[in-house]
Amino acid sequence: MIDNNTKIITIEDIIDMLSVSSKKTIFTYIQQGKLNPINKDDWHIEDVVRLQKELKKPGLMTKEVAQQLDIPVTTVNKYIKQELLPAFQEEYRGINCYFVHKEELEAFKRTHEVRRKPSKRHFYHAEKTLRYFSFL
């Protein structure tokens, strides 16, 4: 685990700190010059903390907004395009994404009533079905 006295950490510590899924991502960061190992297995914690700040999300992603509102991501994107939900685009981990500030989402929740529409897959109502077949 992380040893703050020597400020040297292992690649497993880096994977945990940066929330990446594989060593391959770490090696990509090395090739891009974002990380510089002391040797093959040891790293300065300052380099990783700097990269951790660099990789921090600038807001909530549309998927996270959708989860908080309990609606599909496509609906969140629709709100953004209609300018009902303020959002901004920024590159995050090599992908251009929409982000929403937490404060903007809270303001949106206060001013808009958002409900999940009933699924169209369920085309019958259990109670009505029972009434229709109660003579059997």
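**Sheet pairing and helix packing**

In this predicted model, Met61 sits opposite Phe99 of strand E5. The pairing belongs to E3 and E5 (residues 95-100), two antiparallel strands joined by two bridges. Zooming out, the sheet is an open one of three strands, ordered E3-E5-E4 and paired antiparallel. The edges go to E3 (60-61) and E4 (88-92); each has a single partner strand, so one side of each has no neighbour in the sheet.

Next come two of the helices. H4 spans residues 62-69 and H5 spans residues 73-81, and their axes come within 8 Å of each other, crossing at roughly 105°. With 65 to 115 degrees counting as roughly perpendicular, H4 is therefore roughly perpendicular to H5. On the H4 side, the contact is made by Thr62, Lys63, Val65 and Ala66; H5 puts in Val73, Val76, Asn77 and Ile80.

The buried set is made up of Ile11, Asp13, Ile14, Ile15, Met17 and Leu18. As a general point, an α-helix has 3.6 residues a turn, so residues three or four places apart point the same way. Just past the end of H1, Ser19 adopts a positive phi of about 55°.

Definitions and conventions:
Residues numbered from 1 in each chain as written. Predicted model: local features only at pLDDT ≥ 70, side-chain atom pairs only at ≥ 80, totals over all residues. Heavy atoms only, no water. Buried < 20%, exposed > 50% of the residue type's maximum accessible area, 1.4 Å probe, protein only. Helix = DSSP H or I, 4+ residues; strand = E, 2+ residues; numbered from the N terminus. Axes fitted to C-alpha atoms, helices over the stretch in contact; angles between N-to-C directions. Parallel < 35°, antiparallel > 145°, perpendicular 65-115°, else oblique. Contact = heavy atoms within 4.5 Å. Pairing = 2+ DSSP bridges.
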